[in-house]
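I opened this notebook to record what I looked up in the structure.

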Amino acid sequence: MSLNPFMLGVRFLLELAAIVSFGVLGWREFDAPWRYLLVAVLPLIVAVVWGTFAVPGDPSRNGEATVAVPGAVRLVVEVAVLGGGAVALWAAGLTVTALISAIVLVAYQALAYDRVGWLLSH
């Protein structure tokens, strides 16, 4: 199910939304000059973490891993980044957007049970 093109699209949108959410947090919660720095640095850090730690042979990625980690660790990274995006929106005062993001994330994870199972078994 998780390799369905629609599900891959939803996951990609969740990834983008999470990365952008950290930039929104930096912009809304900090004053100049910090906001100008954090609006760029926070999303960059999140994107690097997202792309660096992977499970070798992950069918939803290119199969390569810059830093190979067990599936359970990758699942924690995914929950931290994607869930962290919703938390960042909440902290930035965008509660409705945060709730929508969290609901979509929970629905995605429930429908992607095969991916969660694969990660936990690798």
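**Conventions.** I took helices (H or I, at least four residues) and strands (E, at least two) as DSSP runs, numbered from the N terminus. The model is predicted, and I noted that local features need pLDDT of at least 70, that side-chain atom pairs count only at pLDDT 80 or more, and that totals for chains, interfaces and linings use all residues. Residues are numbered from 1 along each chain as its sequence is written, and side-chain values use heavy atoms, with hydrogens and water left out.

**Entry 1, tryptophan 50.** I located tryptophan 50 in helix H2. Leaving aside neighbours within four places in sequence, I listed its contacts as Arg11, Glu15, Arg61, Arg74, Val77, Glu78, Val81 and Leu82, where contact means heavy atoms within 4.5 Å. Tryptophan 50 and arginine 74 lie 24 residues apart in sequence and 9.0 Å apart in space, C-alpha to C-alpha.

I looked up the axes of H2 (residues 34-52) and H3 (residues 71-91), which come within 10 Å and cross at roughly 155 degrees. Axes are lines fitted to C-alpha atoms, for helices over the stretch in contact, and angles run from 0 to 180 degrees between N-to-C directions. H2 and H3 are therefore roughly antiparallel to each other, the term for angles over 145 degrees. From H2, Val46, Val49 and Trp50 meet Arg74, Val77, Glu78, Val81 and Leu82 of H3. I recorded six nonpolar, no polar and two charged residues in this contact; Ala, Val, Leu, Ile, Met, Phe, Trp, Tyr, Cys and Pro count as nonpolar, Asp, Glu, Lys and Arg as charged, and the others, Gly among them, as polar.

I found that the axes of H3 and H4 (residues 95-111) come within 7 Å and cross at roughly 165 degrees. H3 and H4 are therefore roughly antiparallel as well. The contact of H3 with H4 has eight nonpolar, four polar and no charged residues.

I placed arginine 115 in helix H5 (residues 113-121). Arginine 115 is buried, because its relative accessible area is 5%. Leaving aside neighbours within four places in sequence, its contacts include Asp58, Arg74 and Glu78.

Methods:
Buried < 20%, exposed > 50% of the residue type's maximum accessible area, 1.4 Å probe, protein only. Parallel < 35°, antiparallel > 145°, perpendicular 65-115°, else oblique.
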